[in-house]
Amino acid sequence: MKTKILKINPNKISLTKIKIAAAIIKKGDLVAFPTETVYGLGADALNIQAVSKIFQAKGRPFSDPLIVHIAEITELYRLSTQIPSIAIKLAQVFWPGPLTLVVKKSKLISDIVTAGLDTVAIRMPANNIALSLIREAQTPIVAPSANLFGRTSPTTALHVADDLDGKIEMIIDGGRTKVGVESTVLDVTTEPAQILRTGGISVEQLEEIVGQVIINKELERGLRSPGMLSSHYSPKAKLILVEGDKDIQVADVLGYALKCKERGLKFGIMAKEENQEKYHGFQVKIIGKGSELKNCAANLFDILRSFDKEGFEVIIAEGLEDRGIGLAIMERLRKAASDR
Ligand code: TXA
Ligand code: MG
C-alpha cells in the first residue's frame, strides 16, 4: 500500500482536505492524524473490520484496549450507559484536552475496542484537525498512538511515517504535537477515581477539581492499564535514568558516561539545558530547561527517537522533577529504563 501524506495547516484548516481523510475513515481504512498529545492512528470506532486493521498495522496485541475519540461531550451518552457526575465535571473542565475517562461501555462499543472489558476509554482531543476529522467522519474514532507496538509515541508526521509507511492509507501532517506525552487515563468507575496512566493533565490539576485521586499502585508494574507494558516508551537504545539531587546527578551521569566510553559504546546524554556545559566533550541532546517541564514533555519523544535514528546504543538520561507534567515524563523514562 502506498501511504498518502496530506499536509494540513492547523491554523487554517482546509475542509476539502479533511473531507478526503474522513472518506477514508468512513470506508473503513486507517488515517494517522495529529492530536494535542501525540499522533493517533484512527479508524471508525463502530466498524469492527476497520478497528482490527489498527492492531494489524501496529503489531499490537488484541489484549490492549483502545481510546475512543469524540468531538462532542454529548457523545458520552451514546458510548456509555453509566456516567458518574465526576465524569461530567471533568469533561466540562478538561475537554477538549489530554484527559481520557474510563467509564462503563454501552452496547455500541464492541469487544475488539475494549479488549473484552466492560469499560471504555473516551477522550475529546484539543486539536482542530482531529476534531474536524471526527465531525466529518460522522463517527467516533478509535486511535492508539500511531507507532509500531512497543516503540515511543510519534509527535511528528515523520515519526509516524518511520513506523507505519506502507501499512496505512494516509498520514495527515499537521505539524508537531503540542503536549508531547499521551493523555492521562483516569478510571472514574471507582471511588475515588484512579489514574491508570499519567499524562498531559497532572495529578495536581485533577485534584483541584475532584479532590483526591488515587494513582494506581499497580501502575508501575503495568497491570491495570494493559497498554502500560514496560516495553512501552522504549527507545531501541538502552536507557539509563539518573535521578537524585542536582550535583549528585551530574556526577552520576559523568560516571556512567566514563564507563560507557571505556567499553567503547556509542552513547549520548539527555540533559537539562542548565547542565549542558558540565558534559562538554560528550554527545548531548537538550530536553529543555529543568524548570520548563511542559517544554521538556514536548521534546521528550522526539529526542528519544533521534538517539535511535543516529544509532546510539546507550542513552544516559537526567531525571526531571516529579511534579506536574514532570511526573508523566518520569513515568515514561522509568519504564524505558526498567525495560532491559
Ligand atoms: O494521548 C493519547 O491518549 C493518544 C492520542 C492518540 O489520543 N492515544 C494513546 O492511545 O495513547 P494508546 O492506545 O497508545 O494508549 C491507550 C491507553 C492504554 O494504556 C490502554 O491500556 C488504556 O489507554 N485503556 C484503553 N481502554 C481502557 C479501559 N477500558 N480500561 C483501562 N485502560 C484502558
Ligand atoms: Mg501507545
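Colleague: What are the ground rules for numbering and for values?

Modeller: Residues count from 1 along each chain as its sequence is written, while chains are lettered from A and ligands numbered from 1 in the order in which they are written. This is a predicted model, where local features need pLDDT of at least 70, side-chain atom pairs count only at pLDDT 80 or more, and totals for chains, interfaces and linings use all residues; side-chain values use heavy atoms, with hydrogens and water left out.

Colleague: Why is the pair F307 and F312 called edge-to-face?

Modeller: Rings of Phe, Tyr and Trp (its six-membered ring) pair if their centres lie within 6.5 Å; planes under 30 degrees apart are stacked, over 60 edge-to-face, and the rest tilted. This rule gives three aromatic pairs. In one of them, the centres of F307 and F312 are 5.1 Å apart and the planes stand at 90°, so the pair is edge-to-face.

Colleague: How do you know whether F307 is buried or exposed?

Modeller: Buried means under 20% relative accessible area, exposed over 50%, and partly exposed in between (1.4 Å probe, protein chains only). F307 has 0%, so F307 is buried. F312 has 6%, so F312 is buried.

Colleague: What makes a charge sit over a ring?

Modeller: NZ of Lys or CZ of Arg must be within 6 Å of the ring centre and within 35 degrees of the ring normal. K266 lies over the face of F312, 4.3 Å from the ring centre. The charged end of K285 sits over the ring of F307, at 5.2 Å from its centre.

Colleague: How many disulfides are there?

Modeller: A disulfide is a pair of cysteine sulfur atoms within 2.5 Å. The count is zero. As for individual cysteines, C260 has a relative accessible area of 5%, so C260 is buried. C296 has 0%, so C296 is buried.

Colleague: What makes β13 and β15 edge strands?

Modeller: Helices (H or I, at least four residues) and strands (E, at least two) are DSSP runs, numbered from the N terminus. Two strands pair if DSSP finds at least two bridges between them. The open sheet has four strands in the order β13-β16-β14-β15, with parallel pairing. Its edge strands, β13 (238-242) and β15 (284-288), each pair on one side only.

Colleague: How many bridges join β13 to β16?

Modeller: Five bridges join β13 to β16 (residues 314-318). L241 has A317 as its bridge partner, and V242 has E318. Four bridges join β14 to β16. In that part of the sheet, G268 stands opposite I315.

Colleague: Why is β16 called largely enclosed?

Modeller: Five of the five residues of β16 are buried, so the strand is largely enclosed by the rest of the structure. V314, I316 and E318 cover one side, I315 and A317 the other, and all are buried.

Colleague: Which peptide bonds are cis?

Modeller: Most peptide bonds are trans. W95 and P96 are joined by a cis bond, with omega about -10°. P96 lies in the loop between α4 (85-94) and β6 (99-105). The bond from E191 to P192 is also cis, with omega near -5°.

Colleague: What is the phi of A115?

Modeller: A115 has a positive phi of about 55° although it is not a glycine. At a relative accessible area of 26%, A115 is partly exposed. Q138 also has a positive phi of about 55°. Q138 has 63%, so Q138 is exposed.
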